[in-house]
Amino acid sequence: MLRLISSSSKLKSSKSITFYPIAIHSPPLHNLSVDTANTQLSSKSPYSLLHSLSSTNAEQNLHGYSSAGFSGIPANFADFSRKRIGFWRAKGLIGGVRNFSSESASRESLNYDVVIVGAGPAGLSAAIRLKQLCKEKDVDLSVCVVEKGAEVGAHILSGNVFEPRALDELLPNWKQEEAPIHVPVSSDKFWLLSETRAFRLPSPFNNRGNYVISLSQLVRWLGVKAEELGVEIYPGFAATEVLYDTSDEVVGIATNDMGVAKNGSKKDNFQPGVELKGRVTLFAEGCRGSLSEKVIRKYNLREKGQGQHQTYALGIKEIWEITADKHHAGSVLHTIGWPLDPKTYGGSFLYHMKDRQVAIGFVVALNYQNPFLNPYEEFQKFKHHPAIRPLLEGGTVLEYGARTLNEGGYQSIPYPVFPGGAIIGCSAGFLNVPKIKGSHTAMKSGMLAAESVFDTLNEASPLEAFWDSLRSSWIWKELHSARNYRPAFDYGLLPGLALSALEHYVMKGRSPWTLKHGKPDHEATDEARLWKPIDYPKPDGVLSFDVPTSLYRSNTNHDHDQPAHLRLKDPKIPELVNLPAYAGPESRYCPARVYEYTADENGHPKLQINAQNCLHCKACDIKDPKQNIEWTVPEGGGGPGYTVM
């Protein structure tokens with residue numbers, strides 16, 4: 001077993017954090033004829049190579065996502081696929097066959113009509129809508145979804161007060177079909193905090209008819225619904241490469257190799273990556289998706305869209321179980337103000353779920369200026385406010401996590417269509433900032449994309465119709481009316497409140513102007529000489545906690561012996577620029593203590609990267625002052641293991 005936190009003396013914790021590395025072990029070889037293998041395959045619906053690997057992966061992680069309607073594939077089937085018997089076919093959905101080919105000596109290639117990267121709200125909604133259209137039109141299209149989390153929902157984190165508008169359209173009978181949506185909003189409060197007091201403000205959120213949910217649980221349910229319709233979902237496989245043809249059109253993705261050691265050598269459990277090729281590829285990776293960002297840059301999609309850069313925030317969240325006398329199911333509270341300074345945009349949320357559970361979180365916009373600001377410590381400090389502390393006292397933390405979110409809104413929407421596919425959901429950025437909601441818009445974007453994809457594959461209509469349908473949908477109207485709220489706070493807390501009140505209560509989103517965003521988040525960080533260090537209080541272990549303790553509650557799990565997925569473009573920049581000019585901000589903006597400066601053998605400070613701690617929040621990819629850190633996917637199945645986030 002391995003420690004998640006580095007052993008530097010100044011960061012030692014009394015709490016030992018351990019994890020079990022992921023390993024994909026090759027099952028024993030069996031003598032299996034082609035006819036026998038095809039018989040086994042057809043008897044279990046169109047199973048593919050990835051399903052066999054996914055089953056093995058799930059067993060090793062002990063938390064694998066069980067495909068609805070599918071039993072575990074025989075171990076010897078994976079061996080058969082690795083014997084490289086050239087090219088073979090099994091009954092499938094592309095012209096009656098599913099193709100498996102060995103195009104190279106190292107990677108298998110699987111062909112689908114539609115490949116979707118990311119099993120979140122957008123990706124699964126797109127998959128479900130595609131299969132619904134297939135059923136309505138009596139057309140066969142093969143659809144697969146690849147997900148880097150060990151199971152569907154494992155990497156999903158959101159507030160979440162859920163607006164069911166898109167779900168009502170997608171699956172109107174969701175209540176009868178036992179969707180995990182049970183707690184309607186019962187009260188909706190908005191407070192402005194000073195250090196010692198809470199001032200009640202009119203609530204602008206209008207959460208009547210919405211529900212307090214766990215988005216990770218809803219996504220699991222959507223996964224079941226997708227598989228019932230015939231979608232193939234492969235959890236535990238990370239899409240690491242975009243595949244292009246000779247005309248520079250996207251033709252699919254490749255998953256990364258499994259079982260590669262830190263030094264690049266192949267371990268005993270090595271499994272080569274798989275190419276998933278699609279006639280159309282949809283990227284639904286969530287905020288700051290690694291492949292989505294590459295596609296956006298390659299095809300200049302930001303410039304072709306609304307034109308402005310994306311802005312981000314970091315959300316940090318805990319799930320508490322509190323005493324019954326303090327729990328009020330459906331109660332919703334948002335706060336703004338303390339402990340953040342007036343120039344930093346952010347606030348908190350506190351949602352009462354079912355079973356005495358409360359979701360409490362803190363959001364900090366990543367265009368903050370003070371390099372000494374630590375979002376994690378601001379959250380810990382917030383919980384001690386006199387208006388918040390009594391609710392949590394006597395309670396227990398069940399889970400911890402963090403994730404970045406898009407805040408650019410209408411001004412930052414990229415053109416979503418590229419040759420061979422489209423970008424949907426939070427990969428594009430459809431979060432409604434004043435609502436603090438993006439799940440419903442992400443789902444709707446996936447549904448609209450699915451309808452355009454279906455027409456493209458069956459009627460040869462241009463996929464660009466997705467852009468037109470997006471701009472004529474309620475997503476566009478909603479984001480346009482909300483476009484000035486977030487940039488208003490670039491002028492400070494009180495001016496932001498005044499301008500947003502004007503937008504909401506007077507102009508009602510119909511202002512003749514559109515405010516622009518300020519600097520990109522990484523450029524907003526001031527040099528350390530302009531600010532004083534912040535002396536944060538030590539955690540008390542009751543309401544506030546150190547990072548190791550919180551990280552333990554995230555169920556984060558990475559194999560330590562793999563190539564680092566957090567890469568420095570220039571390894572000298574941390575010591576030559578970030579530390580002397582910005583006081584090493586990466587050691588503070590990361591909510592998992594991935595980055596820390598330690599002394600080398602000569603006593604000189606050196607950046608140490610504890611990649612095994614990574615929560616996949618993407619803050620480092622966004623906030624690094626010189627954009628020197630590149631976040632890439634680790635081995636599939638690694639990362640957090642959220643269950644109720």
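Reply: C134 is buried, at a relative accessible area of 6%. Here buried means under 20% relative accessible area, exposed means over 50%, and partly exposed is in between, using a 1.4 Å probe and protein chains only. Bear in mind that this is a predicted model, where local features need pLDDT of at least 70, side-chain atom pairs count only at pLDDT 80 or more, and totals for chains, interfaces and linings use all residues. Residues are numbered from 1 along each chain as its sequence is written, and side-chain values use heavy atoms, with hydrogens and water left out.

As for disulfides, a disulfide is a covalent bond between the sulfur atoms of two cysteines. The test used here is a pair of cysteine sulfur atoms within 2.5 Å, and by that rule the count is zero. C617 is in no disulfide, and its nearest cysteine sulfur, on C590, is 5.8 Å away. C617 is also buried, at 7% relative accessibility.

C590 turns up again among the contacts of Y595 (contact means heavy atoms within 4.5 Å). Y595 is in strand 26; helices (H or I, at least four residues) and strands (E, at least two) are DSSP runs, numbered from the N terminus. Y595 is buried too, at 2% relative accessible area. Leaving out residues up to four places away in sequence, Y595 also touches L566, E586, S587, L607, Q608, I609, C620 and I629. Between Y595 and A611 there are 8.2 Å in space, C-alpha to C-alpha, and the two are 16 residues apart in sequence.

What they cover are the buried residues of helix 17 (residues 573–582), namely I573, P574, N578 and Y582. Those four sit on the same side of helix 17, because they cover an arc of only 80° around the axis; the arc is that of the directions from the helix axis to the C-beta atoms. L576 and P580, on the other side of helix 17, are exposed. Just past the end of helix 17, A583 takes a positive phi of about 60°.

Now for the charged side chains. A salt bridge here is a side-chain nitrogen of Lys or Arg within 4 Å of a carboxyl oxygen of Asp or Glu, and the whole structure has 22 of them. One of them joins D113 and R279, at 2.8 Å from N to O. That pair links distant parts of the chain: D113 is in strand 5 (residues 108–117) and R279 is in strand 17 (residues 274–283), 166 residues apart. D113 is buried at 1%, whereas R279 is partly exposed at 45%. The salt bridge between D468 and R471 (3.2 Å, N to O) stays within helix 12 (residues 465–471), with the two residues three apart, about one turn of the helix. D490 and R486 meet in a salt bridge as well, at 3.4 Å; R486 is buried at 4%, while D490 is partly exposed at 35%. R107, E241, E275 and K277 are linked in a salt-bridge network.

K383 lies in the loop between helix 9 (375–382) and helix 10 (389–392), and counts as buried, with 0% relative accessibility. The K383 side chain makes a 2.9 Å polar contact with that of Q380; a polar contact is a pair of N or O atoms within 3.5 Å, where within protein one must be able to donate a hydrogen and the other to accept it, and residues adjacent in sequence count only if both atoms are side-chain atoms. Beyond residues up to four places away in sequence, the residues that K383 touches include E318, W320, I360 and F545.

I360 takes us to strand 21, where I360, V358, F362 and V364 point one way and Q357, A359, G361, V363 and A365 the other. Strand 21 (residues 357–365) is largely enclosed by the rest of the structure, because nine of its nine residues are buried. Strand 18 (residues 312–321) runs antiparallel to strand 21, joined by nine bridges, with A313 as the bridge partner of A365. Strand 20 (residues 346–352) pairs with strand 21 in the antiparallel sense over seven bridges; pairing requires that DSSP finds at least two bridges between two strands. G347 stands opposite V363 there. Strands 20 and 21 form a hairpin with four residues between them, and D355 in the turn has a positive phi of about 55°.
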